[in-house]
Amino acid sequence: MTALNYYLENFYVGSFLNSPTSGGPIGDVSCLSVEQWQTLINTIINASLNLGSKIPIIYGLDSVHGANYVYNSTLFPQEINAAASFNRDLVRQMGEITALETRVTGIPWVFSPIQCLTFTPIWPRVYETWGEDPFLAHEMGYEIISGLQSQPANLSSPDHLAACMKHFIGYSFPKIGEDQMPNWMHDRLIYQYFVPSFQGAVDAGVATAMEAYNEIAGVPLGASHQYLTTLLRERMNFTGMLVTDYAVIEMLNYFHHVAADYKDATYVSMNQTTIDMSMVPLDTSFPTDLIALVQEGRIPESRVDESCERILQLKKDLGILDNPYLRPEGVQVGNSEHLAVALNMSRESLVLLQNNDNTLPFDASNLGTLLVTGPSADSLRYLAGGWTIHWQGAVSDDEFGYGTTILQGIQEIAGDQVKVIYEEGVDIAGYSTDEQFAAAIDAAKSSDAVVVAIGEHNYAERIGDINDLTLPIGQINFVEALVATGTPVVVILVEGRPRVLNNATNFTAALIHAMLPGPLGGQAIAEVLFGHVNPSGRLPYTYPASTGDFPLQYYHKYSEEVNYTPLYPFGYGLSYTEFVYSNLQIANLTGYGNFQISVDVLNNGKRNGKETVMLFVSDIYRSVTPEIRMLKGFHKIEISAGESTTVVFNVTKSVFEFIGIDLKPTIEAGVFNITVGPLFGYLNLENPEQLLKNHPPPPVKKQNVEMKLNVETLKAYTATPSIRTHTSVS
């Protein structure tokens, strides 16, 4: 009897996960092809139909930036790059392509997307998130899930599959910054900032959810009735299937020490939460202990029925009860059309942070000699990051079926016009021999410009824990030595989290934050360097100036403003053209308390460009300390040189809501700051109850908005506390 048959027959196993090569190559196989996956999945399905429960199994896979465990599939930039693009359409297409190229293998379920927020930049899973902003994460989560599942969800379509929002909840704010570590958070922090991103996934109809490793205020998520039942099921109305993360129930025993043994852990989890499926990687304790607990009367059979119902409903919705072998036909993974979408996302995710004296874009006809150097300059695997081919990322560039390094991209675009020299200089740890270091510096002295690509090695989860956010000192010293030559230096940051640069970029000519743009990133970076693409990415998180700058998000409190001194703020990013904002207006839908906010945007430069227009709103005074500002809307638009357009934001009640003293969504009357680009004005919300009415809006009446706060109005406002009325929103 094979191991597969043994577990199906004796333990009625109904789900499988992971890639056989997630830990590394097996012989000469680095990653399973579509055909190899189909053979594997069919083998498991055939066995499941004849053994145990005889119910078709469900298989889940970490397809987190494309079908990253399928050979030659379309590898997208990491999720953090997708956020930096601020392009909803591209994110939805990313979901559609990921679904198609995963389901063609016969796998109908992916463990994606991550809806955690970047709260602590030293955390090793930053690159898997949508960044630090709740609204951005809400919007991007909605889009990628709509792509993965369709909108509304159509899971039985062979072109789509079940998504899984993870990791619920508070996982990304460990108090010491290391993965899976405890955190201490008040419920207001969770409801105000962490819930909205997951609510976006629920609103999109996400089919499944994965709870998290962490504990909150002493209670592990795997044992939390408050978060996995009261919050997730009752408050957020999630009705789908809930799976644990890797061995979470067992961790209640050996990691968290809230259960005396594995059986006690199973009892605690099943008795106190609504977990439906245990992701047990290495043992059969869960089915064995659960059966014993039911037989002993400690866990009612109805509790097991409840979870079985949700699991079977998922299988039914996926169509695998009727056709276990359901998958699309004639799909070629990594085809040119799909790769074009990935390349566009890479292009739109690159953030130009610095461009002194218009160093960029390069003019190939006048450049002469260009030195390309640094540990990330000629590497596909560093561009792709973790969760690529293997859990910890590719072990060699030879494992990729396609791709362009930064060096190769520059060589292809520069052609014969520019003499391109390559010297590695230092390795990814910052080490080099005296000869290697000297060769790069000498080459810099004789070049007209230098492109140096620095950053991080590949990592995933706890393997990526670090104690210092500063880049390896050898890399920093290398950049400083290049700058000291007097040759203009352009720095490319290839990293999964915002590493501290010390003073390395103080005197560099230009700085591009590439994050992890995928194996097509080298082409995208080269296109930006030479002006074939106008950069349009914006920072999806605050970029710290020093290790001590965190945790501090852009939406900090007024009392923290003096301490908010980042290297670059959230939403920052330069272009090769100039966008001018004017004519900020509010359209008051009279009598109903609803508004439209509009602004005119002019491309005042000589290049076509894309601009992300962001709406920030902040309550100046309220019963719970307000944030300086919060993102409440964004539109990414393309404007031709010399052209202008009007951007309109429809303002709903959620723009004014916050979590009140009673931990319920609340709206209070008062004055709000409205900021769009460099323009700001104020909005006086007098009757918040009107926001709750659901009537057809009357004709729009536009009013010009003052470009600065009226001081006398604010003085009168603060002197009249009686107008601080509030309304709880159910």
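## Largest pocket

Helix 1 (3–11), strand 1 (15–17), helix 2 (34–48), helix 10 (285–295) and helix 11 (301–317) each contribute at least two residues to the lining of the largest pocket. Helices (H or I, at least four residues) and strands (E, at least two) are DSSP runs, numbered from the N terminus. The model is predicted: local features need pLDDT of at least 70 and side-chain atom pairs count only at pLDDT 80 or more, while totals for chains, interfaces and linings use all residues. Residues are numbered from 1 along each chain as its sequence is written, and side-chain values use heavy atoms, with hydrogens and water left out.

The volume of the largest pocket is about 1,500 Å³. A pocket is an open set of points on a 1 Å grid over the protein atoms alone, where a 1.4 Å probe fits, with protein on both sides within 12 Å along at least five of seven lines; lining residues have an atom within 4 Å of a point. A volume is the space filled by probe spheres set on the points, which are joined across faces, edges and corners. Of the 47 lining residues, Phe11, Tyr12, Val13, Gly14 and Ser15 lie nearest the centre of the largest pocket. Helix 11 supplies the largest share of this lining, eight residues. By class, the lining holds 32 nonpolar, 10 polar and five charged residues (nonpolar: Ala, Val, Leu, Ile, Met, Phe, Trp, Tyr, Cys and Pro; charged: Asp, Glu, Lys and Arg; polar: the others, Gly among them).

## Second largest pocket

The second largest pocket has about 1,000 Å³ of space. Its lining comprises 36 residues, with His138, Pro196, Gln199, Ser654 and Glu657 closest to the centre. In this lining, 18 residues are nonpolar, 10 polar and eight charged.

## Nonpolar cores

The largest nonpolar core contains 167 residues, and Ile169, Ile190, Phe362, Leu370, Ile492 and Leu529 have the most contacts inside it. Such a core is a set of buried Ala, Val, Leu, Ile, Met, Phe, Trp, Tyr and Cys residues joined through side-chain atoms within 4.5 Å; buried means under 20% relative accessible area (1.4 Å probe, protein chains only).

## Cysteines

The whole structure contains zero disulfides (a disulfide is a pair of cysteine sulfur atoms within 2.5 Å). Cys116 is buried, at 1% relative accessible area, and its sulfur is too far for a bond because the closest cysteine sulfur, in Cys164, is 11 Å away. Cys31 is also buried, at 7% relative accessibility.

Key:
Buried < 20%, exposed > 50% of the residue type's maximum accessible area, 1.4 Å probe, protein only.
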